[in-house]
Amino acid sequence: MRLFLLRFLLFLAPAVLAVATAVDPALGDAQGTGVYRAHPDATQWHSLLLHWSWLLFAPAFLGLLAPIRRRGAVLARITWCAVVFGLVTFAALMAYDLALLAMEQTLPDGDVARVDATFQGMGWAVWGWQVPGLAGWAVALLLTPVTAAYAKVISWWTAGAALLGSVLYLQFAISPLPVNLAGPVVMVVAYTIAGWEVGRFRTPAEPATFGVFQDRVGRFGLVAAPVVFGAGLLTVPGLTPDVAAAVRQPGLAQASAWLLHVAWLLFVPGMLLLMRRGRRFTTVAAAVTAFALMHFSGLMVGDYSDLAVRLTVPEDAAVKVGDTFGGYALFTVGWAVPAMLLSLLGLIAVPIGAAADGLVRWWVPVLTGLGVVAFLAVGVGPLSVLSPLLLLAGYGLLARALPPRREAPVAEPAPVAA
């Protein structure tokens, strides 16, 4: 079942990328302010599908790296971090295209340009999102097939084809149809072949160096995520959801949004760890939660775009932009609501599954459940620290209770006759 799912993801991710590239309204000479306004439906579909395609690449790439043990472990560590923390961050930036659409539909072109300049000038947006996102995206696309080929999970021919598809996409993504589809089509073929090659790979009898790295990062994430989550809540300007406080302290508001993004991302390695430790329910719940958290973390980009609008245009105009953005049903149904709902439910369900598997006592999921409930009930305020503390207690105990990794026996060389 896992092999079938991996093969499906390796085909689906570049296929969705091809569709997203085909419906992009800003192709060829159609660049600049006003393009999104002229094609609102195509813009929404393009942004949502592009976001989904990069997030579908994340579990597909992780699946290609999963069989690696010692050979290629160093490259695998670098690639794994680029996928989990870089590619996922890059996928979140697609939300800014929807924010630009809302601006173009409600503001004059001059104001749109000024808001965009404000957003591009935010230090936290540049160094906290754009730089690591773009770097991780490029490393993930280029290094994943190389790492898998070096570890002999796939062939070098397949890796070369995947690299060719990535280079073609980078070069012609905004060229006119059908030239812009060259990269995604080559990637569909290459990664479909990679999926079949993974099924023929035989795990070598060597120490699971890369697996030990994943386990350590997973345990760290289960503890660090609630801590960073608490830091994000405590740095909200004025400890109030009032946007006026964010406008008065824009630097602090940017830092808070970035910390919340990182907090949700740090939960992902922990969910991936629990996928490998639990039984069927825990495995499925952790997989769904990890994928939902990848979506959820990207919603913090909206805080940056909203802040840029409020720092640039009058309050009534900013409210219109926000109302327009919030009225995109495709974004709400296809991204925001399922991301938040499945993430918060998953943070409750996974510890319940771990308790049912006998990994922890039942009062551990009680603590994590209360932590999620406290977040929903208290939100932002002086008591907001209550939720991170409960989550830290529950997930910290869960990380501590997980048994050490069980190593498969390494085959010893056969004795040679004298």
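Buried means under 20% relative accessible area, exposed over 50%, and partly exposed in between, with a 1.4 Å probe and protein chains only. This is a predicted model, in which local features need pLDDT of at least 70 and side-chain atom pairs count only at pLDDT 80 or more, while totals for chains, interfaces and linings use all residues. Residues are numbered from 1 along each chain as its sequence is written, and side-chain values use heavy atoms, without hydrogens and water.

Q: Why is F11 called partly exposed?
A: F11 has 39% relative accessibility, so the label is partly exposed. F11 lies in helix α1 (residues 2–22); helices here are DSSP runs of H or I with at least four residues.

Q: What makes A245 buried?
A: The relative accessible area of A245 is 3%, therefore A245 counts as buried. A245 sits in helix α11 (residues 243–248). Leaving aside neighbours within four places in sequence, A245 is in contact (heavy atoms within 4.5 Å) with P237 and T240.

Q: How many of the 28 residues of α12 are buried?
A: In α12, 22 of the 28 residues are buried, and the helix is mostly covered.

Conventions
Helix = DSSP H or I, 4+ residues; strand = E, 2+ residues; numbered from the N terminus.
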